[in-house]
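Here are my notes on this chain. Please read them with the structure open beside you.

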Amino acid sequence: MAGEGPELKVGERIVLIDNRQRRYLVELKAGGEFHSHAGVVSHDEIIGSPEGSEYRTASNARFVGLRPTLSDHVLKMPRGAQVIYPKDLGPILMLADVSPKQRVLESGVGSGALSTTLLRAGAYVTGYEIREDFAETAKSNVEKFLGPDAMGHYDVKIQDAYQPHVDVGFDRAVLDLPEPWQVVPHLETSLRSGGILVAYNPSIIQVQNLRKRLSEGPWALTETVEVLNRTWHVEGNSVRPDHRMVAHTGFLTHARLIEA
C-alpha cells in the first residue's frame with residue numbers, strides 16, 4: 001500500500017478528479033466549497049488531508065484531490081491568449097536544449113504557459129510582450145504555479161520583439177508570434193553564437209517565410225517538425241487507437257546561430 005502523500009494546505013491550488021477523469025482546478029480556502037453537477041465538497045474536508053485522498057459528495061460522487069502537474073496548470077489556468085499545449089511544450093524544451101541558468105528570450109509571453117515551462121527547467125527568462133494585459137496574466141500564472149521565488153528569474157518587458165533588442169547575450173530564443181522572420185535579424189546580435197532559436201507557428205506559410213529568412217543569414221541545422229499525439233484505448237482484450245487524437249496545433253522550427 002502506498003504511503004501517505006504530503007498534506008494539502010490552505011492557499012494551495014489542487015485538481016479534483018472525478019470518476020470520468022475530468023479535472024477541476026481549485027484554490028483551497030478555509031470555509032470554501034467546490035460545487036459541481038455531482039454535488040458539493042467542502043474545502044475544510046480537503047485541507048489537512050494527504051494528497052491523493054478521496055472525497056464524497058452528498059450524492060456519493062467520488063473525487064480525488066491531487067496537486068496539479070504542469071500539464072494540468074497549462075490546460076486549466078486563466079488565459080489572456082491561446083496557450084502552447086503540453087504536447088508541444090516538452091519538444092520545445094528538447095529542441096531548444098534548455099538547461100538551468102541559461103538566459104532565454106521569449107516573445108510573446110501570452111498566458112505564461114511557455115514561461116512557466118522554461119522557468120521550471122531552470123532558465124532565466126526575459127519576456128518581450130506588447131500587450132500589458134497579457135504580460136500581467138502571464139506573471140500571475142507563473143507565480144501561482146511556481147511561487148514568488150520564480151519571479152526573480154522572470155523579467156517581462158513591454159517591448160516589441162520586431163524592433164531592435166535592448167538585451168543581448170541570450171543562450172536561447174523561443175518565439176510564439178505571428179511573424180518570427182521579423183525577429184531573426186535582431187537575434188543575430190542578441191543571441192550568442194551557437195545559441196538556439198525555436199519558433200512555434202500554426203501556419204505552414206509562416207514557417208515558409210521564417211525558413212526563407214533563416215536561409216539568408218548565419219543559421220545552421222535548421223529543421224521544422226510537427227508533433228502529433230494519439231492515445232490508445234486499452235481495456236481487457238479491447239486494444240485500439242482512440243477515435244480522437246490531438247493532431248495539428250503548430251509547427252516547431254529550430255536553428256542554431258553560427259559565426260557569419
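This is a predicted model: local features need pLDDT of at least 70, side-chain atom pairs count only at pLDDT 80 or more; totals for chains, interfaces and linings use all residues.

1. A residue counts as buried when its relative accessible area is under 20%.

2. Now the whole chain. Buried residues make up 45% of its 260 residues. The chain holds seven helices and 15 strands. Its C-alpha trace spans about 70 × 45 × 30 Å along the principal axes. Take the contacts with a separation of 6 or more: 58% of them link residues 24 or more positions apart.

3. Which order do its seven strands follow? The order is 9-8-7-10-11-15-12. The sheet is open, and its pairing is mixed. Strand 9 (154-158) and strand 12 (219-226) stand at the edges. Each has a single partner strand, so one side of each has no neighbour in the sheet. On average, neighbouring strands are turned by 15° against each other, direction ignored.

4. Look at strand 7 (residues 103-107) within this sheet. Strand 7 runs parallel to strand 10 (residues 170-175), and four bridges join the two. Strand 7 also pairs with strand 8 in the parallel sense, over five bridges. Ser107 stands opposite Leu175 in strand 10. In strand 8, the bridge partner of Ser107 is Tyr128.

5. Helices pack on the sheet too. Helix 3 (residues 86-96) touches strand 10, strand 11 (191-201), strand 12 and strand 15 (251-257). The direction of helix 3 makes about 160° with that of strand 11. Helix 5 lies across strand 8 (124-129) and strand 9. Helix 5 runs at about 170° to strand 9.

6. How do helix 3 and helix 4 meet? Their axes come within 11 Å and cross at roughly 45°. The two helices are therefore oblique to each other. Their crossing is right-handed. Helix 3 brings Leu89, Ile92 and Leu93 to the contact, and helix 4 brings Ala113, Leu114, Thr117 and Leu118. By class, that gives six nonpolar residues, one polar residue and no charged residues.

7. Helix 4 (residues 113-120) also packs with helix 5 (residues 132-146). What is the angle between helix 4 and helix 5, and how far apart are their axes? The angle is about 40°, and the axes are 9 Å apart. That angle makes helix 4 oblique to helix 5. Helix 4 passes helix 5 in a right-handed crossing.

8. Which residues make the contact between helix 4 and helix 5? From helix 4 come Ser115, Thr116, Leu119 and Arg120. They meet Asn141, Val142, Phe145 and Leu146 in helix 5. By class, the contact of helix 4 with helix 5 has four nonpolar, three polar and one charged residues.

9. Finish with helix 5, lying across strand 8 and strand 9.

Definitions and conventions. Residues are numbered from 1 along each chain as its sequence is written. Side-chain values use heavy atoms; hydrogens and water are left out. Axes are lines fitted to C-alpha atoms, for helices over the stretch in contact, and angles run from 0 to 180 degrees between N-to-C directions. Angles under 35 degrees count as roughly parallel, over 145 as roughly antiparallel, 65 to 115 as roughly perpendicular and the rest as oblique. A crossing is left-handed if the near helix is turned anticlockwise from the far one by less than a right angle, and right-handed if clockwise. Contact means heavy atoms within 4.5 Å. Ala, Val, Leu, Ile, Met, Phe, Trp, Tyr, Cys and Pro count as nonpolar, Asp, Glu, Lys and Arg as charged, and the others, Gly among them, as polar. Two strands pair if DSSP finds at least two bridges between them. Buried means under 20% relative accessible area, exposed over 50%, partly exposed in between (1.4 Å probe, protein chains only).
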